[in-house]
Amino acid sequence: MKVRVYVSLKNGVLDPQGRAIHHAIEGLGIEGVRDVRAGKMIELEVEPGVTDAQLEEMASKLLANMVIENYRIERLAA
Amino acid sequence: MTFRSAVITFPGSNCDRDMADALEKVSGTAPHRIWHGDADLPADLDFIALPGGFSYGDYLRSGAMAARSPVMQAVIAAANRGVPVLGVCNGFQVLTEAGLLPGALLRNAGMNFVCREVVLTVSNSQSLFTAGYSAGQEILIPVAHHDGNYFADDATLDRLEGEGRVAFRYAEDVNGSARRIAGVLNAAGNVLGMMPHPERMIEPEQGGTDGRAMFESAIEALASV
């Protein structure tokens, strides 16, 4: 089954990449975008026996750095 | 007296030779060169250095992969026993990712890779790494990094400052680092992480010798034990 782990910067952590993307969007001439935050999505293909606790462990110990990032785990229907 | 040091090399490290050269020139003894896949370190090490570079291509986050490599488990154990550990640049990123130092290193606030000599102010001249400097002394050390923007929450920053664990600050803003922090110590004072490269300022031919006192301090600290 597929699992997606979304990793995003915590509020208050400066995101220069998001800011640069914001500038580039403005460069397209599109108005109305107030803020941009960039994160990453990590897609895993796991066996059905992999538990939520194991996914939490992977996410909190490796995929996200809990000092600066949050994560959200999503199991996709097979 | 022999100074038994080790330099750890990860795939993508690129300052390991500079670090080994600096350690050999200052101490007179060539360090052990350790590969990341080694699960053991030589016994009775006096000093461990994690060099700069782009370990594992900075995949996931700078230092994230290296922090979980086999050799780092041995480095963490040694650090917890009190062995001095110096992490420079990527080595600093590895130390924060490994949990040996608080905080994290974010992308530089200006988005640009910064590669130039910068002035540092010595904030703590009492540690085994910095005893060769005087408090408030300004030294010239080069930086070369993309992810050197030191971040920690305010409570952590207050604690670091209150406990004298800020070793160096940038004399002017270089990369957006919180409170212009360039290097921090762990609570026990035997682990130092810093973005600037002291190993690149050892001989006059390198443009200065302000990095030399750091290695001399560590050697002297050992001799006085």
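First, the ground rules. The model is predicted: local features need pLDDT of at least 70, side-chain atom pairs count only at pLDDT 80 or more, and totals for chains, interfaces and linings use all residues. Residues are numbered from 1 along each chain as its sequence is written, and chains are lettered from A, with ligands numbered from 1, in the order in which they are written.

Let me start with chain B. It has five helices and eleven strands. Helices here are DSSP runs of H or I with at least four residues, strands are runs of E with at least two, and both are numbered from the N terminus.

How does the radius of gyration of chain B agree with a compact globule? For 225 residues, such a globule would have a value near 17 Å, and chain B has 16 Å, which agrees. That radius is taken over C-alpha atoms, and the globule rule is 2.2 Å times the number of residues to the power 0.38. The C-alpha trace of chain B spans about 40 × 40 × 35 Å along its principal axes. Of its 225 residues, 54% count as buried, meaning that 20 or more other C-beta atoms, placed from the backbone, lie within 10 Å of the residue's own.

Now the contacts. Two residues are in contact if their C-beta atoms, placed from the backbone, lie within 7 Å. In chain B, take the contacts with a separation of 6 or more: 76% of them come from residues 24 or more positions apart.

Next, the sheet of chain B. Nine strands form an open sheet with mixed pairing, in the order β2-β1-β3-β4-β11-β10-β9-β6-β7. Strands pair if DSSP finds at least two bridges between them. At the edges stand β2 (32-35) and β7 (138-145) of chain B; each has a single partner strand, so one side of each is left without a neighbour in the sheet. Inside that order, β1 (residues 5-9) and β3 (residues 47-50) of chain B pair in the parallel sense over three bridges. B:Ser5 has B:Phe47 as its bridge partner in β3(B).

Over to chain A. Here three strands make an open sheet, order β2-β1-β3, with antiparallel pairing. Its edge strands, β2 (40-45) and β3 (69-75) of chain A, each pair on one side only. Six bridges join β1 (residues 2-9) of chain A to β2(A). In β2(A), A:Arg4 has A:Glu43 as its bridge partner.

Last, the interface. Eleven residues of chain B are in contact with nine residues of chain A. On the chain B side, five are nonpolar, two polar and four charged. Nonpolar covers Ala, Val, Leu, Ile, Met, Phe, Trp, Tyr, Cys and Pro; charged covers Asp, Glu, Lys and Arg; the others, Gly among them, are polar.

Notes: A residue is buried if 20 or more other C-beta atoms lie within 10 Å of its own, exposed if 12 or fewer, and partly exposed in between; C-beta atoms are placed from the backbone.
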